[in-house]
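Please look through the sequence and the structure before reading on.

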Amino acid sequence: LRPLRHQTSTQLEEAIRLYQGGFLEGFSVAGSPACEEWMVLCRERYQRLMMEALHRLVVEYQRQGHYERALELARETGDKEDERDVHQALAELHAETGDSRRAYDSHLRYAELQESIVHERAAAEIADMEARYESEKKQREIEGLRRDNELQSLRLRSERLRLYALASGLLLVGIVLLLLFRRYLHLLAFW
């Protein structure tokens, strides 16, 4: 495969015509995850190449003044930016030729696509910010729970130390009392 930048418009058109969808779509090799992974990687690569070829054709046809074909391909790619750019060029062309109605229609479609692109980008940015916020919020919650666990662990350790100290103190007092009682008994034996 030669890089797309070295292909002519005719070659790109032929490649698009021959493209039949996903690479080995529906084919599977049971028990071979490596083969499945390879097929997915190839499928994704060929899809990217197809989209790149379509984009290159849109740009090339627009440059050549074949706006209808450029618009058709832009719609096929689903790339609103390509379609927007073609409509902008069409609006300029129609304005230059004095066809104000078609210039207005193309400019209107250009504005709609531009608004849609801006809206989609803003929505994506908002979704990204919300995801980051939620992630940071969860991270803060996890950190708070970790600190709470550490505090609880320190409290339990402190309670255990107090309990050990109390038990040791009581044992010591018991031993002292036992010694004092034995001494008392010993002293009584002499009296």
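Glu 83 is found in helix α4, where helices are DSSP runs of H or I with at least four residues, numbered from the N terminus. The model is predicted: local features need pLDDT of at least 70, side-chain atom pairs count only at pLDDT 80 or more, and totals for chains, interfaces and linings use all residues. Residues are numbered from 1 along each chain as its sequence is written, and side-chain values use heavy atoms, with hydrogens and water left out.

**Glu 83**
- Glu 83 has a relative accessible area of 8% and is therefore buried (under 20% relative accessible area; exposed is over 50% and partly exposed in between, with a 1.4 Å probe and protein chains only).
- Leaving aside residues up to four places away in sequence, Glu 83 touches Leu 71, Ala 74, Arg 75, Arg 109 and Leu 113; contact means heavy atoms within 4.5 Å.

**Helix α3 against α4**
- Helix α3 (residues 67–77) packs with α4 at an angle of about 160°, and their axes are 8 Å apart; axes are lines fitted to C-alpha atoms over the stretch in contact, and angles run from 0 to 180 degrees between N-to-C directions.
- That angle makes α3 roughly antiparallel to α4 (over 145 degrees; under 35 is roughly parallel, 65 to 115 roughly perpendicular and the rest oblique).
- On the α3 side, the contact is made by Tyr 67, Glu 68, Ala 70, Leu 71, Ala 74, Arg 75 and Thr 77.
- On the α4 side, the contact residues are Asp 82, Glu 83, Val 86, His 87, Ala 89, Leu 90 and Leu 93.
- The contact of α3 with α4 has eight nonpolar, two polar and four charged residues (Ala, Val, Leu, Ile, Met, Phe, Trp, Tyr, Cys and Pro count as nonpolar, Asp, Glu, Lys and Arg as charged, and the others, Gly among them, as polar).

**Buried face of α3**
- Tyr 67, Ala 70, Leu 71, Leu 73, Ala 74 and Thr 77 are the buried residues in α3.
- Viewed down the helix axis, these residues fall within an arc of 165°, so they line one face of α3; the arc is that of the directions from the axis to the C-beta atoms.
- Their cover includes α1 (9–18), α2 and α4.

**Helix α2 against α4**
- Helix α2 (residues 33–64) and helix α4 (residues 80–97) pack at about 5°, with axes 11 Å apart, which makes the two roughly parallel.
- His 55, Val 58 and Gln 62 of α2 meet Asp 82, Asp 85, Val 86 and Ala 89 of α4.
- By class, the α2 contact with α4 holds three nonpolar, two polar and two charged residues.
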